[in-house]
Amino acid sequence: MPPVEIILARQLASYLSVPIFVVDPDGDLLFYNEPAERIIGTRFDETGKMAMEEWTTVFEPTDEDGVSIPPPELPLVATLETRQPALRSLYIRGLDGELRRITTVSVPLLAQGKRFVGVLAFFWEVK
Amino acid sequence: MASPGPDTARYGGNTSCVEVEGNEGTILVLDAGTGLRRLTTALPQPLTRVDFLLTHLHLDHLQGLGFFGPLYQEGVEIHVWGPGGVTHKLGKRLTRYLSPPLFPVHLRSLPSNIQLHETGEGEREIGEFRVRSDYVCHPGPTMGYRIENGGAVIAYLPDHEPALGVQDFPGDPEWTSGYGLAREADLLIHDAQYTQEEYPSHVGWGHSSIEDAIRFGALARVRQLVLFHHDPQHTDDDLDRIGKEVLGIVDDPEIVTLGKEGDSYELGR
């Protein structure tokens, strides 16, 4: 089961109107909140937990020129690797088929006892 | 804080301290609140080793330690297990209390053989016990403990707010703080500080309502639940009344008990 910090992160995310991903140290997407559902085009109840290989590609992330962004260059993946915050603007195609421009900032969750327990990614649609 | 006095003579007014003794003589002391003074008189003699499992370093869980007699005896092994902090190790955090001006004696001056162990998430063998620790929902680094021996399991979560932020508690057990420690325990000793009326004005303080403690125990399918860490404002009469109200709503009143100082439980299969 997830550590208490991730449990609290999920609870915090469920209370906020900022779209949020909660990801574990392996990169698996453990939870996304309702505002995030509106951007990625589907409900968490429908997808459930998503493995990193899936969520890093299923949203077809591209840059301003429409070039596909490989997973290591996604902010959230970079944070998983470096345990440093990361920020980037990019395009994603939601599971509803809509192309959206988003900006995302990802923050490593470094907990008590020097544990790396996951990443929180905040993102918002840039209209 | 401790609340001794005639109004709390029956349930007790000391702060958290629980002894676990194994068949082979291993002694664990769960937290070192003011109840440690009374516990010390009941320890076997001569005492050669004792292991303290501290859930956290809030003063009500630590205050008895400086007055623990065996600390001042040469040759006694005193193992103190507890969480370190983000910036300071366990020893430095302990000496904030066990040093002047808060306490007249320095930890390093004590003649006993004191060994500090930082717990985090993990398991270890202490004598005949297998002890698992994990962080739980409470302000500051706070552990819960699961103690196993010969198939019997005790879970100790004296300061715990499992319902914090959960809109419809209990939810998914996998997403419930402390569940992994308490799951199917023979005995769960759990925070039950507030009544349902008191809790809304204390959300986020790190303590559970009595009803949430009962729901947590049911979620974890424990065999016996001891409601612990009574609010210092609650008198014996208050607790009698609370007990009647609460036990009137649980499915099986036999498995829920309001903890009283001096209570003991024998476990084993």
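What percentage of the 269 residues in chain B is buried? In this predicted model, buried residues make up 43% of chain B, where a residue counts as buried if 20 or more other C-beta atoms lie within 10 Å of its own.

**Chain B as a whole**

- Chain B contains five helices and twelve strands.
- The radius of gyration of chain B is 18 Å, close to the 18 Å that the globule rule gives for 269 residues, so chain B is as compact as a globular protein of that length.
- If one takes the contacts in chain B between residues at least 6 apart in sequence, 65% of them join residues at least 24 apart.

**The sheet of chain A**

- In chain A, five strands form an open sheet with antiparallel pairing, and their order across the sheet is 2-1-5-4-3.
- Strand 2 (29-32) and strand 3 (86-93) of chain A each have a single partner strand, so these two stand at the edges and one side of each is left without a neighbour in the sheet.
- From one strand to the next, the twist averages 25°.

**Strand 5 of chain A and its partners**

- Strand 1 (residues 20-23) of chain A runs antiparallel to strand 5 (residues 115-125) of chain A, and four bridges join them; within this part of the sheet, Phe21(A) has Ala121(A) as its bridge partner in strand 5.
- Strand 4 (residues 99-111) of chain A is also antiparallel to strand 5 of chain A, with ten bridges joining the pair.
- Val105(A) has Phe122(A) as its bridge partner in strand 5 of chain A, while Ile102(A) stands opposite Glu125(A) in strand 5.
- Strands 4 and 5 of chain A form a hairpin with three residues between the strands, and in this hairpin Gly113(A) takes a positive phi near 70°.

**Helices lying across the sheet of chain A**

- Helix 1 (residues 4-15) of chain A lies across strands 1, 2, 4 and 5 of chain A, and runs at about 165° to strand 1.
- Helix 5 (residues 75-82) of chain A lies across strands 1, 3, 4 and 5 of chain A, and runs at about 15° to strand 4.

**Where the chains meet**

- The contact takes twelve residues from chain A and 16 residues from chain B.
- Sorted by class, the side of chain A that touches chain B has eight nonpolar, three polar and one charged residues.

Terms used: Residues are numbered from 1 along each chain as its sequence is written. Chains are lettered from A and ligands numbered from 1 in the order in which they are written. This is a predicted model: local features need pLDDT of at least 70, side-chain atom pairs count only at pLDDT 80 or more; totals for chains, interfaces and linings use all residues. Two strands pair if DSSP finds at least two bridges between them. Two residues are in contact if their C-beta atoms, placed from the backbone, lie within 7 Å. Ala, Val, Leu, Ile, Met, Phe, Trp, Tyr, Cys and Pro count as nonpolar, Asp, Glu, Lys and Arg as charged, and the others, Gly among them, as polar. The radius of gyration is taken over C-alpha atoms; the globule rule is 2.2 Å times the number of residues to the power 0.38. A residue is buried if 20 or more other C-beta atoms lie within 10 Å of its own, exposed if 12 or fewer, and partly exposed in between; C-beta atoms are placed from the backbone. Axes are lines fitted to C-alpha atoms, for helices over the stretch in contact, and angles run from 0 to 180 degrees between N-to-C directions.
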